[in-house]
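Here is a brisk report on one protein model.

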Amino acid sequence: MANGSRMAAWGFFGSELKRHRENVGMTQVELGSRVFVSGGYIGQFEQAIRKPQLDVARRIDEVLQTDGFFERLWKRLIREQPYTEYFAHAAELERLATEICDYAPMVIPGLLQTPEYARAVFLASNPFAADEYIEELLRGRMDRTKLLKDATRPVYWAVLHEAALRIPVGDPAVMAHQLDHITALMRERKVMVQVLPFAAGAHPEMGKMMWLMEFEDAPPTVYTEGVLSGSLLDDPAVVKRARASYDLLRAAALSPEASLAMIESAAEDYRRCASTT
């Protein structure tokens, strides 16, 4: 389903929500209080600005007595989008964020990936997949990277562990191009990137990826990911702890200038390796 069609489908979700809500005489605030979100969130669902999580869709069905209609519609729309179910809501929120803070322990974050690097990542995870499936995944990934090219792009800050620079993904030429892409974004001041070097030793997020998002008119969230699973968390206490951990990572990382130099040096190492093969 193309992006425009997906947006139109979520618009249908929103218009049906509004119709059912008004049929029972509830305001957005009243419905929101019954399903444990704000009235503003209900308004954003109805305008297809935001998409509810599955548990919210189920509570809407219970309150409006719609016999599972919104749960079924939610599952169909999620199934027809280019992202895995556990990542889908995070990907949608990403488009609304005013600030994104990434931490990547082993792999270059998706928003910074080049097509060649992303393809190598997908092939490593899906060694028996058909080319069409890999290309579908790649289109979804590259669609996300457009976010950093928009004039209204969010403030984007990434802390990369040095391991993400040193683990070869694809051949040396792919890695050199990937690191050159990051340094170009840094020099164009579209992103802020720091490297957490091996020498930093132990740190709060060892082996864990973390992704913090801030919004204009909604609470901040943190997304974490495990094996074939992801969690989108907005509990204020949890987000506060995640923000504190991210601040510690930034404090332990190299300065942006030193990070740029390290990334450029690693790219040069890959270039030399590529020229000898």
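What is the order of the strands in the open sheet of 6 strands? The order is E3-E2-E1-E4-E5-E6, and the pairing is mixed. Strands E3 and E6 (229-233) stand at the edges with a single partner strand each, so one side of each is left without a neighbour in the sheet. Neighbouring strands of this sheet are turned by 15 degrees against each other on average, direction ignored. Such angles are taken between axes, which are lines fitted to C-alpha atoms (for helices over the stretch in contact), and run from 0 to 180 degrees between N-to-C directions.

This is a predicted model: local features need pLDDT of at least 70, side-chain atom pairs count only at pLDDT 80 or more, and totals for chains, interfaces and linings use all residues. Residues are numbered from 1 along each chain as its sequence is written, and side-chain values use heavy atoms, with hydrogens and water left out. Helices (H or I, at least four residues) and strands (E, at least two) are DSSP runs, numbered from the N terminus. Two strands pair if DSSP finds at least two bridges between them.

Strand E2 covers residues 155-161. It is mostly covered, with 5 of its 7 residues buried. Buried means under 20% relative accessible area, exposed over 50%, and partly exposed in between (1.4 Å probe, protein chains only). E1 pairs with E2 in the parallel sense over 6 bridges. In that pairing, Tyr 103 stands opposite Val 159 in E2. Strand E3 (residues 192-196) also pairs with E2 in the parallel sense, over 5 bridges. Ala 158 stands opposite Val 193 in E3. His 161 stands opposite Leu 196 in E3. In a regular strand the side chains alternate between the two faces of the sheet.

**Helix H4**

Helix H4 spans residues 54-64. It is largely enclosed by the rest of the structure, because 8 of its 11 residues are buried. Just after H4, Gln 65 takes a positive phi of about 55 degrees.

**Salt bridges**

How many salt bridges does a search of the whole structure find? It finds 18. A salt bridge is a side-chain nitrogen of Lys or Arg within 4 Å of a carboxyl oxygen of Asp or Glu. Three of them are listed here.

| Pair | N to O distance |
|---|---|
| Arg 19 and Glu 16 | 2.9 Å |
| Arg 187 and Glu 264 | 2.7 Å |
| Arg 271 and Glu 268 | 3.2 Å |

Arg 187 lies in helix H10 (residues 172-187) and Glu 264 in helix H12, so this pair ties together parts that are 77 residues apart in sequence. Arg 187 is exposed at 53% relative accessible area. Glu 264 is partly exposed at 30%.

Arg 19 and Glu 16 both lie in helix H1 (residues 3-23). They are 3 residues apart, about one turn of the helix. Arg 19 is partly exposed at 40%.

Arg 271 and Glu 268 are 3 residues apart in helix H12, so about one helical turn separates them. Arg 271 is partly exposed at 33%. Glu 268 is partly exposed, also at 33%. Salt bridges that share partners join Glu 162, Arg 166, Asp 269 and Arg 272 into one network.

Tyr 270 lies in helix H12 (residues 256-275). Its relative accessible area is 12%, so Tyr 270 is buried. Contact means heavy atoms within 4.5 Å. Not counting residues up to four places away in sequence, Tyr 270 touches Leu 165, Arg 166, Ile 167, Pro 168, Pro 172, Met 175, Ala 176 and Leu 179.

Ile 167 also belongs to a nonpolar surface patch with Met 106 and Val 107. Together they have about 230 Å² of accessible area, computed by the Shrake-Rupley method with a 1.4 Å probe, where for residues only the protein chains shown count as cover. Patches are made of residues with over 30% relative accessible area and no salt bridge; like charges are joined within 9 Å, and nonpolar side chains (Val, Leu, Ile, Met, Phe, Trp, Tyr) within 5 Å. Val 107 lies in the loop between strand E1 (99-104) and helix H7 (115-125). It is partly exposed, at 35% relative accessibility.
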